[in-house]
There are 2 protein chains.
Amino acid sequence: MLEDKNQQRTPLEKMGEFGLIKHLTQNFELNQASSEMGIGDDAAVLDFEGKKTIVSTDLLVEGVHFDLAYMPLKHLGYKSVVVNLSDVYAMNAIATQITVSIAVSNRFPLEALEEFYEGVALACKLYNVDLVGGDTTSSKTGMLISVTAIGVAETDGIVYRSGAKPNDLLVVSGDLGGAYLGLQVLEREKEVFKVNPNSQPDLEPYAYIVERQLKPEARKDIPELLQKLEVKPTAMIDISDGLSSEILHLCEASEVGCNLFEDKVPLDPIVISTSEEFKMDSTMIALGGGEDYELLFTIDQADYPKIKGNPNLTVIGHMTEQKEGAHLITRGDTKIALTAQGWNSFDS
Amino acid sequence: MLEDKNQQRTPLEKMGEFGLIKHLTQNFELNQASSEMGIGDDAAVLDFEGKKTIVSTDLLVEGVHFDLAYMPLKHLGYKSVVVNLSDVYAMNAIATQITVSIAVSNRFPLEALEEFYEGVALACKLYNVDLVGGDTTSSKTGMLISVTAIGVAETDGIVYRSGAKPNDLLVVSGDLGGAYLGLQVLEREKEVFKVNPNSQPDLEPYAYIVERQLKPEARKDIPELLQKLEVKPTAMIDISDGLSSEILHLCEASEVGCNLFEDKVPLDPIVISTSEEFKMDSTMIALGGGEDYELLFTIDQADYPKIKGNPNLTVIGHMTEQKEGAHLITRGDTKIALTAQGWNSFDS
């Protein structure tokens, strides 16, 4: 519904495989001191000068992870990079390079790929990472994106999922549930558009949550903030699949339990009002929604004064002995076992 | 035609996304000293202790890069890894880690993915690389594989495409054209099978070239050999798209020309006889065929005595001034301009 029907269309066959990747990446510069060789040889060459190399990779499939009916390609390029960088920040590391590979069918003209790479370039600029490699190929149907994010960290700075101890505080950045509700709003507008193709959706009231879905940001600022506050989390993970699922990952890796307090879960007012509009429970959305790309981490209680009152961070619970299990303490003071409500791409 | 119809079929929905990746990778061990954290956190952590990090990535699409009608999944897993490692060896570096991501439709049962990962595991073992990450997701149609290979090199050991000088000798490992002809044999058998599903193909006479196609090997041994011989190539590339195309890449990156001698191009006897059977010119197949995964490199003439007579290496030409261009000198002493005959995945 956001497509411009009058756009120029250059068929990909015209470009050839080498011409295409060269064309798409010609304006990318290398800005990281660690990037010695980017695109243009058999492989990239990086120099982390004795520090640790961090590597994370993700695959995004059209019709499974994104819908081009409402996802502009520039946003898709941006989001594909951001969701991978989020994994690097979740190690308490600095993201430095990415590789981006795409497979597209012939229905995509060159201009569509240029738009996608504009989004990639914007993310590279804002997050200060270099594009150092990738592959471009054809697919039989639809679009598929594979991104590998690379980062660097000092040995003693890396935070794994496995370091949480009983009595550690559970902390989350930002607010939750917005991306999932943004998707609900977009899906509703898509249905309206199918019935009446002349309808002009008014997404303005939902701007925050629609942006959380279409153009999410990774919390590059949180590892920087924590370093400034002299807080090293004991464990950390990024919230890609919903708070509940990520808490269970931390508990499993760290061999601890957890009490999560419903009244502490940070929700934006538009998340609360849109939940009511869709007749959904906002806590369930925050717990199961996913795609928020906030950071979830645990800290020693002794560090609490350092983060207290920081508007970016909310203490939402504390860790317990493993045998106590992982629970949600509701507003009504009922204790409910947490279950993974994470999104399962095979379950359709 | 190689499919076993009686195999067990466990639907992927049963596994869930986290269960699936855990199940498929549970038997993979980390053997590299540089692998500090593999699968199981937000990202892998590697320590190259001050040496350079090498990164290369590839995307393989069903129906474009492989045909499951004759490609057993175990071979596909093996080949997906090997073609990426080849890019690392082409930097004169040592491959140390890989990440493997796959997207599959629901027509693939769990057992199919297990078979694929058996091939990945075999390649990891034989090439001594660790699987440290990946993603598993669903696709709307078909199978797609994304592999990122990571390696390590000493600063002064890395060989780029750009260092060749006029008068350097052009050297290739192994022999050429086999993988392309293996594909022709398999395609022919597939057509026979379509007409008569009870036919049993006799591939035995073509064993070498069919194996070059289905289970290629990367030349891990060549950088090791060159180090032993105390030869540092001036430029290097791997042959994935055909000799002609790769020579042109070297010439462009190094700003030189080249004379390639037809009578020097190494061909296995079965490549010559099968070319005749298919009424094709064996030189054209070696020049344009692709997927041989041999290494093509240039050396200073002073290093010639060190490689002379080595059964793994053949001198096939020499570099010239750029203005002289890149040419094939035929057996009949005719000079023909080299053109990229490399395979273009968008041109179908």
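## Conventions and model

A crossing of two helices is left-handed if the near helix is turned anticlockwise from the far one by less than a right angle, and right-handed if clockwise. The structure is a predicted model, in which local features need pLDDT of at least 70 and side-chain atom pairs count only at pLDDT 80 or more, while totals for chains, interfaces and linings use all residues. Residues are numbered from 1 along each chain as its sequence is written, and chains are lettered from A and ligands numbered from 1 in the order in which they are written.

## Relation of the two chains

A rotation of 180°, with 0.0 Å of shift along its axis, superposes chain B on chain A with an RMSD of 0.0 Å (least squares on the C-alpha atoms of residues with pLDDT of at least 70 in both copies). The two copies are thus related as by a two-fold rotation axis. Among the residues of chain B, the one that comes closest to the rotation axis is B:Gly50, whose C-alpha lies at 1.9 Å.

## The interface

## The seven-stranded sheet

In chain B, seven strands form an open sheet of mixed pairing, in the order S9-S11-S8-S12-S10-S13-S14. Strand S9 (235-238) and strand S14 (335-337) of chain B stand at the edges with a single partner strand each, so that one side of each is left without a neighbour in the sheet. From one strand to the next, the twist averages 25° (axes are lines fitted to C-alpha atoms, for helices over the stretch in contact, and angles run from 0 to 180 degrees between N-to-C directions). The partner of S9(B) is strand S11 (residues 295-299) of chain B, to which four bridges join S9(B) in an antiparallel run, and here B:Ile237 stands opposite B:Leu296 of S11(B). Helix H7 (residues 243-254) of chain B lies across S9, strand S10 (256-261), S11 and strand S13 (326-329) of chain B, and runs at about 155° to S10(B).

In chain A, seven strands likewise form an open, mixed sheet with the order S9-S11-S8-S12-S10-S13-S14. Inside the sheet of chain A, strand S8 (residues 169-173) and strand S12 (residues 313-321) run antiparallel and are joined by five bridges, with A:Leu169 opposite A:His318 in S12(A).

## Helix packing

Helix H4 (residues 178-195) and helix H8 (residues 269-277) of chain B pack at an angle of about 45°, with their axes 10 Å apart. H4(B) and H8(B) are therefore oblique to each other (angles under 35 degrees count as roughly parallel, over 145 as roughly antiparallel, 65 to 115 as roughly perpendicular and the rest as oblique), and their crossing is left-handed. H4(B) contributes B:Gly178, B:Leu181 and B:Val185 to the contact, and H8(B) contributes B:Val271, B:Thr274 and B:Ser275. These residues divide into three nonpolar, three polar and no charged. In chain A, the axes of helix H4 (residues 178-195) and helix H8 (residues 269-277) are likewise 10 Å apart at an angle of about 45°, and H4(A) passes H8(A) in a left-handed crossing.

A further pair in chain A consists of helix H2 (residues 73-89) and helix H3 (residues 110-127), whose axes come within 6 Å and cross at roughly 40°. H2(A) and H3(A) are therefore oblique to each other, and the crossing of H2(A) and H3(A) is right-handed. Among the residues that meet here are A:Leu73, A:Tyr78, A:Val81 and A:Leu85 in H2(A) and A:Phe116, A:Val120, A:Cys124 and A:Tyr127 in H3(A). The residues of this contact divide into 14 nonpolar, three polar and three charged.

Definitions and conventions: Helix = DSSP H or I, 4+ residues; strand = E, 2+ residues; numbered from the N terminus. Contact = placed C-beta atoms within 7 Å. Nonpolar A, V, L, I, M, F, W, Y, C, P; charged D, E, K, R; others polar. Pairing = 2+ DSSP bridges.
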